[in-house]
Every structure is written in structure tokens, then in C-alpha cells.
Amino acid sequence: MVSVKAFKPGGKPEQAEDRGREADHPSSQVAVFGTDQPLKLDCGVDLAPFQIAYQTYGTLNADKSNAILICHALTGDQHVANVHPVTGKPGWWQTLVGPGKPLDPERYFIICSNVLGGCMGSTGPSSTNPATGKLWGLDFPVITIPDMVRAQAMLVERLGIEKLFCVVGGSMGGMQVLQWSVAFPERVFSALAVACAPRHSAQNIAFHELGRQAVMADPDWLHGRYYDEGVRPHRGLAVARMAAHITYLSDAALHRKFGRRMQDRDLPTFSFDADFQVESYLRYQGSSFVDRFDANSYLYLTRAMDYFDIAADHDGVLARAFRGTKTRFCVVSFTSDWLFPTSESRAIVHALNAGGARVSFAEIETDKGHDAFLLDVPEFIDIARAFLQAADKANGLARKER
């Protein structure tokens, strides 16, 4: 069965302390999978029951050939194109999703689910463990990107969709796109993978470990049982977010936005207050993040990214993962993205070429860093639109609508 809850766009956002309600009773649609439909996890655990929270936009056509799955990044969720129920802010991909935009709900049936291990309604560490009646915490099994994708595949099947017209995502979402194309090649007609890599680099694992240690060093983390004590490791999670956010930007972008400008003062205070605008910005990013995200979910999702390595199941040869695929690919990178540099995207493209795949590639010049895929970068928007239009023609979608 699929239980559905209506979401009211524009509704009053919840207070930060009420955010936890979204973990079990999200403001979105929910697909519930019972004990007769366990999800086999890479760690060897059969997870059941579990639920996946998701949003849809647009209408599924008669032959169910216009479905697009959007895969969100590390700190994203299913609210890609509607007002967020906790923050009250617009959806996180307004540049790409909406009427007249490349991912147009008037043309496509768009699905976006909260990943397994998330904190906005899909089963994760902040969800209730049915076996104990308490929140999972660190008793929740460690998950992987393939686990997330298998859960999404179960959702897509529940929705009666045999083949997705396109799977789209950036960063951790791009990792999911690649995993979809490898694990379910017959179920993906086209794939748009943006600002991602075929495996996590040592540098990125190191950044994630820094963030996890910041969370776990917070005295309110309590070995992951902070729920039971009614506290949250907000200081550690805020520091983790601040450190991560620096990696999403570029030196040029930080200089352009802030330089060395002071924050509401002309002279330094000779203290450890936020004298500089960039300091104030990072503190805001940290404090606003803890209001909408769960600390344990941050640990689980960063670890899932660390474990990601598509070639690992193919004797370390990436091209073997894509051998014989019929999926059409578009891979996009950004010149100032040092978190997932263009060299990683080129490795994907070379492997796709070696595997005989149809692939297009674009490196976009911008100083906006890794976050460029979320921002208004006209060239990226044009490339996404052109790729989908070409896939439309190849799939006969345009002809079917005449």
C-alpha cells in the first residue's frame, strides 16, 4: 500500500524543535513497505518495515513514459520544487524545475524522494524503530548509495513505472544517477549526472571525517542517543556544516561575495566575534542547517558517500560497469569545482566511451564552485534543456504527445 499525506505549499514552517516530526510523519507522500518486502542492505541486514517519503510534480502520461527521477544531494530532500515544510523556503532546485524550465512538470512526471537514511520522512536514524518503539539512533544499519537506489527502485515500481525517462542529480545525487544506470540499466532511458564522481576521493573522505568528528565531539551527541535526552548536538553539526560549505564554494566566489569586508563595523573588535562578513555567513549557514537536518543522518549519509565506488564490483575497471548499456548519458562538470573536479567527470566519460555508451560531456566555466549546479548558471540550464529535448526525440515522447 502507499499511504499519502497532502502537503500544503505555503504553510507555516514548523519550529526547529518540531522538525523531528517529519522523520515519521512527513509533509509529503509516503510509500510504506511492510515486513513482506524487506530491503536487502549491503551491510547484510534486511530492513523491514521501512518507508520512503517523496514528492511528485506533473502528471504521468498514459503509457507511463514521461517519468523523471530527481536524486538529491547530501543535505537535500524531496522538497525540490515546493515550499519546504520546516524552513518555509522555496524548493532547492528552482533553477531547473518548474513550468518552462528544463524539468517542466507540465511535460514530465517528476519524482523526488528523500533518500534512505535521511531525516525528512524516509526511514533513517531519526525514525522510530518498530522493534523498540524508540528512535533508531546508531542502531540503524549503515547504508550505501546502492541501498538508496534499491529503495528508490522499489518506490518507482510501486508507482507502476517500468522505465524512467531520465534520472537526474548532482553531487551525491549524481552518484545515485550513476548507480541507477549500472544497477538498473534497462530501467533508465537517459541519465544526467552533474558534479559527481565514480567514487569518493581520499580528500573528500577526509573532509567528511572532519565533519563527523565535529558532530561526535559535541557533548550533546551522547553517542547518538541525544533524542532520548531531548537535546541536539547543534554546535558540532553547525561546525560540520560550516566546514563542508567552504568546500562547496570556490576561492573566487568567496572573494567576490565577501572579500575581506567587515560585518556591520568599520574596525576590528579585537575579539573572536564575527568581524568579517564571511565569518557571519558561515555562522548563519551552520545555525540554519541544524534547524532542518538531523546530526545522525549527517553521519550516515556522509559515510554512504565515502563507501561509493562503482568500479569496486567490476574488478576495479570502471568501463566494465557500463559495458553494453543502452542508457543515454550527459555528464556535466564545473571548472571551479574542486570538490568533484572535472577530472572525475572525464573518468566517467572515458569509461562510458569504452563501454560503448552514448554520452555527451560539458565542462562549464564558472567561478561558483561545486554549488554551481544549484545556482543560476545559464549554460548549465541550456545544456540540461538540450539533452532532455534530444532524449525526447530519441524516445519518441514528442511524437506520442501529438
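Seven of the seven residues of strand β8 (residues 164–170) are buried, so β8 is largely enclosed by the rest of the structure. Buried means under 20% relative accessible area, with a 1.4 Å probe and protein chains only. The model is predicted: local features need pLDDT of at least 70, side-chain atom pairs count only at pLDDT 80 or more, and totals for chains, interfaces and linings use all residues. Residues are numbered from 1 along each chain as its sequence is written, and side-chain values use heavy atoms, leaving out hydrogens and water.

**Strand pairing**
- Strands are DSSP runs of E of at least two residues, and helices are runs of H or I of at least four, numbered from the N terminus.
- Strands pair if DSSP finds at least two bridges between them.
- Strand β6 (residues 67–71) pairs with β8 in the parallel sense over four bridges, with Leu69 opposite Val167.
- β8 also pairs in the parallel sense with strand β9 (residues 188–194), over six bridges, and Val168 stands opposite Leu192.

**Aromatic pairs**
- The whole structure holds 15 aromatic pairs, counted when ring centres of Phe, Tyr or Trp (its six-membered ring) lie within 6.5 Å; planes under 30 degrees apart are stacked, over 60 edge-to-face, the rest tilted.
- Phe33 and Phe50 are stacked, 5.0 Å centre to centre with 15° between the planes, and both are buried.
- Ring pairs join Trp92, Trp93 and Phe373 into a cluster.

**Charge over a ring**
- Arg241 lies over the face of Phe289, 4.8 Å from the ring centre; the criterion is NZ of Lys or CZ of Arg within 6 Å of the centre and within 35 degrees of the ring normal.

Key: Buried means under 20% relative accessible area, exposed over 50%, partly exposed in between (1.4 Å probe, protein chains only).
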